[in-house]
Amino acid sequence: MLQVQQLPSIFLIGPMGAGKTTIGRLLAKHLNRQFIDVDNYIEEQTGADIPWIFEKEGEENFRKREMKAVADISQLSSVVVATGGGVVMRAENRKILAERGLVVYLNADVDVQMKRTAKSKHRPLLQTENPRQVLEELYNIRNPLYKEIADIEIVSGRLYPKKMMLEVIAQIKAQGYFF
Ligand code: S3P
């Protein structure tokens, strides 16, 4: 029988350009909850933006800051959280996200990711000659990790944001959560 339970925090995961921030904001508004973007949180804590952190401290240190941010934010209850695309690379993050909230995977194919990230100068990993190749490689590595912890998976890029958010809500309800 379907177990009815109170909706916990929602963690949005998925690659760069999947729409985590856009859908997260809409979800938070719909649910009347606080929205937190992990990258923004890191920038506020550090007092510097993501490209600066990557350039001056290196990716490894960014990942340490990201782990701390995930640990902090996961202590809050009933929030909607957009994570960065690389959050699943650390087993500790995957464990925290899986245990402390409902994980929603926005799965976007590489064409969608390319379109949505084309103009962005804010993503250090894509400031290369061949961003498509980077996105393909990252997707091959990360897609199984996103799937490993996803409670809900939604294909991104087919629907307008509002409809996509409502699809997430429908799936949340179908899993027996109330809010
Ligand atoms: C990253 C994704 C970015 C940001 C950083 C690294 C990644 O977040 O955390 O540039 O490793 O995929 P978005 O997924 O919000 O773009």
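Trainee: Which pocket does the ligand take up?

Mentor: Heads-up, this is a predicted model, where local features need pLDDT of at least 70, side-chain atom pairs count only at pLDDT 80 or more, and totals for chains, interfaces and linings use all residues. Residues are numbered from 1 along each chain as its sequence is written, and side-chain values use heavy atoms, leaving out hydrogens and water. On a 1 Å grid over the protein atoms alone, a pocket is an open set of points with protein on both sides within 12 Å along at least five of seven lines, and a molecule sits in one if more than half of its atoms lie within 2 Å of its grid points. Here, the space the ligand takes is the largest pocket.

Trainee: Which helix gives the most to the shell around the ligand?

Mentor: The shell's make-up by class is 5 nonpolar, 3 polar (Gly counts here) and 5 charged residues. Helices are DSSP runs (H or I, at least four residues). With 3 residues, the top contributor is helix α3 (residues 50–73).

Trainee: How much of the ligand's area does the protein bury?

Mentor: An oxygen atom of the ligand is 2.7 Å from an N or O atom in the R123 side chain. Accessible areas come from Shrake-Rupley with a 1.4 Å probe. The ligand alone exposes 380 Å², and the buried share is 95%.

Trainee: Which residue forms a salt bridge with E66?

Mentor: A salt bridge here is a side-chain nitrogen of Lys or Arg within 4 Å of a carboxyl oxygen of Asp or Glu. With closest N and O atoms 2.8 Å apart, it's R63.

Terms used. Polar contact = N/O pair within 3.5 Å; in protein donor to acceptor, adjacent residues only side chain to side chain. 1 Å grid on protein atoms, 1.4 Å probe; cavity = no way out; pocket = protein on both sides within 12 Å on 5 of 7 lines; lining within 4 Å. Helix = DSSP H or I, 4+ residues; strand = E, 2+ residues; numbered from the N terminus.
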